[in-house]
Every structure is written in C-alpha cells, then in structure tokens.
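Hi there,

Here is the structure I promised to pass on.

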Amino acid sequence: MKLTRLALVLLLSPACPAFSADSPWFTDAAGGLALSSVPCQTPYWADLDGDGWPDAALHRTHGGPGTAVFMNRPSPGGRVFEDLTGPSAINAHPLVSTGSAPGSFLAFADVDNDGDLDLFRGRYCEFEKARTDPKTGEALRNAAGEVLYERSDDGLRSEILLNDGSGRFFFPEGDRTAFAPETAVSAAFLDYDNDGVPDLFIGNWYKEYGASFVSYPSRLYRGLGGGRFADMTMPAGLLTYPSEGRPDSSRPVYGVSHCDWDNDGLQDILVAVYGRQANRLWRNNGDGSFTDMAPASGFDGDETRHGLYPGWVKRETEKEWRSHGNTFAAPCADADNDGDMDVFLGEITHGWAGEASDRSSLLENLGPEKGFAFRRRPDAMPRVHASTTNWNQGDMRAAWLDFDNDGRLDLLLSSGDYPDGQYLRLFRGTGALRFEDVTEKAGFGWESSAGISVADYDGDGDLDILAGKSWMRMPADRRHGPFPRAALFRNNIGSRNNWLHIRLEGAGPGGAPRSAIGSRVIVRTRGLSQTREVSSSRGHGSQSDDLRLHFGLGKAGLADIEVRWGGARGRVSRFYGVPANRFVRIAEGADGPELSPSPAPGF
C-alpha cells in the first residue's frame, strides 16, 4: 500500500474548553456566528466549494421559503461562516436573473460528475386543490363554470442547478428537465442502474391535502449526464395510481432514503409514508425495475392493524390500510455492526391515536438467513411520557452518528411541532442494539427541534450537529428571539477516542459516481467491523449529512479499509494498516489512499 501524507497546514479550531465529568458534551457555538442571523428550519452540511470543509445551507419556511448559504472559512480564532447567499444564486429564478424562486427543500449530489456538489431544488406545487364551499364542501366555480383553485399555477417548478465549483449555482444550458408540477416534499440521488451517473427519486404528497387521500405518484428520473434527467417511473414499475387503499395506490410520501438493504450491490429505495398508510421498500431488481418488498420484510408497518381508537376517542375505526404510521424518517445504518443495513423509523404518534398508530422504532435487519426481513425493536430506545393518554411524539428527523468515537453508532432524534416536551434527543449505543437516553448529558435543551445535519465542521475529528427549529404550535412565551434559528452543537467529547474521516471519489460513468453515492466502506480494527454507505438523503425534506464517512475507532491506532464501489465494474479496494486520526481520500482505481491531518481540497 502506498500512503501519501500531504504537507498541509492544520487550521486549528479554538481549543476545546476544559472538560469535566459535569460538563455538557455539546456546546451551542452558533451565537455570534452568521449562522444565527437568519431563520432556519432545515439545515444542510455540504462542501460546496470542494475545500474539504463542510459549508452550511440553511433553509427556512419562517417568513416565506428560501435558503441562506454560509461558507466555512478559516480565521485566526478558528472557523467562521461567510454569507454567500446572493452570489450563490441558490434562490434564483430560472428565467429572470433578478427574480427569486426558492425551493421547498434541497438535495445535493455531483449530478454532472465534475467534482463538485450540484443541487436539486424541490418545489411543493399544489395547484389542483379546488376551493370549496364551507357549507356543502363542493368545488367553487366561476361564471364560466370553471373550477376555482386555492393556489394558482405560478409556473415555477423543481429544478436542477449546477455548481461552478465555488458554491455558485447556475442552470444547465439547453433544455432543462421538466419536472412534474406535483407536491414534492423529499428526494434522494442514487445510482440505481450502476452506470456511474446519479439518478433521482422524488417523493410526492397528497394531491388535495385535507380533501381526499389521493396522492401524486412518486417518480424516478434516470440521470442522462450534464444535469439532465428522464422520467423512468413507468418502465421501472414504480407508477402508482390516483386511488385509495389499494396496493398500487399512490401514497403521501414525507421522506425518501436509499441504501443496499439486501446486500446485493444495488441501491434500494425506502419510502416513508404519511397518513397512517404503509411504507414502501422498493427492491432494486437489477434490470431497471423495482418490487415493493415492504409487506414481506415488515417495513410497511407494525403488526397491529385493527384501526381501533381508545374508548374515550370518538372516531370511527380506521380501515387496515389506514392503520400504519405517520413516517417521516428512515435512515439506514449498520447499527449492530453485523454487515447489513438496519433502519430507524421516525414517526409522528399521539396518545389518542391508539396502539394501531405505529410508534417510532428500530428495525433490525435479520440478514440473508431470514431474507433480510426486519424485526421491530421498540425496546431499543425506550420513551417515557408524562401522561398515559394525552401525549405526542413528533419524531420527524433522525440521524445515525458515532458522536463519542467508540465504534458504536448512536442515534440523534429530532422531535418537534408539539408543545409537550419535544426536543432534540441523543441516544447512546451501549451494544446489542440497546441505547440509553443521554440527552441531558449532551446539554442540548433544544425544544421543538426541526431539521438536523451532521458533520465535522471544525476539523477536530468528531461530529458536530446543525439543528433547525420549528415554532409550529409553540406557545409565544417559549419562542425566544426574533425568529427560529439554527443551533450549532460543537462536540466536546468525541476527540477522546480515535477516528477516521473517509471521502471517496468515484471514477464516473462506467464506475461509481464521482461523489461515490451508493458505495460501501467497511473499516476493521481488532475485534470490530463497521459498515457505512455513502448516501445523499435520509428522510423528510431530503435530510442529509456531509458525504464524508466518519468512523470512530475507540483506542485503536490502525485500521483496515475495504471499499465496495458502486457502479457496473463492482470494484473492491482494500488497504491495510491505515493510521488513525486522519482525513482519508480514496479514489476509485488508486493504488492507495491519501492521508491528511486536517481537511483539505478533495478530503
């Protein structure tokens, strides 16, 4: 193995504060930084200029949709954030240079394989919901008999924006992809056909929210290169229909994730469904088509499907197809270090909804012997409620991370939108798929948490957290400041153990995508094997983290690395005796990794 140590100057962040057993594990460092100057419900870490340091894109709904871009820059005192919102053109109108067309959510990937992160700016288009008479419920019409709609079509759509390499976005030249004007709420980039060009799956919501259960179909777009895409929903067997309660009915999607669920080298699509309808797990068949394996695997919902409400709730019993969950998050991870992908399902649940409404739960992948079926483990992360009846769980975002670098994955759970103890919570992995609630020790105190994103923003070897905030249903006396802002929780404890950050660079068409989405990395130390996959999005609003893979090593000083590249070539790279506490860059086909003590371009 050839190891190349780059001669780089380490830009040190501020020294960690003196740490004692009573000190909080995280400190909110957003105060005084530009990150606290704007509203933020959903944050994203993404290295937009390729310098190796994750930048922040802060999406807001408060005061109207939009995104602020802050570049992670060095300073004598550590890291600072420079506002690049205007020059980034992230809110630009596709036709009017001075216009604005902010998206409803964002998803990042190198769609044109030129080495930088491009952008899907998803837009929620609800243009087919009729205005109705409040007394009769019938659609209102004008003098000509035409149906009147609640929202007129403004002509704006979801868009692909390309990156010039510096964090400034522009629209592809020539014909842009015409995305359907539907109620897009989440999307994920993946390479489903292993051709080395990222593809795109878009999750859509109700067609007429509040009026019916009919939803738009979610759609699969095949990447053609250069930022262009072709709709492959029908030939892939993914086209669902505008009906209710049938196996082939479209369902209201709130989150999209992807991973290789069954270890066959192909990326599968996990669809988190709202409205107490069944989730979908689209198995990639390898021939361009997909099969829904959610019922067979247990991903669709728990076994309680009688639809009954508690006796004190005056509601009619729900049908079986409305006896599942309100699923928002479905992040994949090898939570038990056994080599296959487990999943955590984050649900909105209420005490009044009864036992047929699914609870948030860990799904343990039982592996090839059991057909990769899931076993629900609600006992893995016990939850306690002050009331036995009148309680809520707004578990809308979740992320896996190893915050203390001990080699066991932990779970970050973001709960909000209800005023009865919804917080950012941290569950520490203790082994054998058991987790303890360490939120108090973490020191968050972050009520009505919203979007979350994880990265090592300061280059000190442990993972930090960006957390947005929601004021929905929050009483006025618990709304602090002029707007709901983001917190930047700086990790104070992870650097006690060893670690590796690994960035993969695929070969592009014919190999893995340049951003290596779908590739798998296995890191082995004495007695421990950890598996991670490069993924673009993990749930509601295209929640995503830094594409760099992070591994805690405990006290191990050396590690062996195996990379199973996505793409038709199916390459496998193996490197032995890689020293700990390094930023590692691995290019597909290279003889060996490159190592750096700090983030740098390409790392």
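Before the rest, a word on the model: it is predicted, so local features need pLDDT of at least 70 and side-chain atom pairs count only at pLDDT 80 or more, while totals for chains, interfaces and linings use all residues. Residues are numbered from 1 along each chain as its sequence is written, and side-chain values use heavy atoms, leaving out hydrogens and water.

How many disulfides does a search of the whole structure find? The search gives 1, where a disulfide is a pair of cysteine sulfur atoms within 2.5 Å. The partners are cysteine 259 and cysteine 332, with sulfur atoms 2.4 Å apart. Cysteine 259 sits in strand β15 (residues 253–259) and cysteine 332 in strand β20 (residues 332–333), so the pair ties together parts 73 residues apart in sequence. (Strands are DSSP runs of E, at least two residues, numbered from the N terminus.) The torsion about their S-S bond is about -65°, which means the disulfide is left-handed. Both cysteine 259 and cysteine 332 are buried.

Now the nonpolar cores: each is a set of buried Ala, Val, Leu, Ile, Met, Phe, Trp, Tyr and Cys residues joined through side-chain atoms within 4.5 Å. The largest has 54 residues, and Phe120, Phe189 and Ile502 have the most contacts inside it. Strand β7 (residues 105–109) gives the most to this core, with 5 residues. Another core, of 20 residues, lies apart from it and includes Leu426 and Ile465.

Best wishes

Conventions:
Buried means under 20% relative accessible area, exposed over 50%, partly exposed in between (1.4 Å probe, protein chains only). Helices (H or I, at least four residues) and strands (E, at least two) are DSSP runs, numbered from the N terminus.
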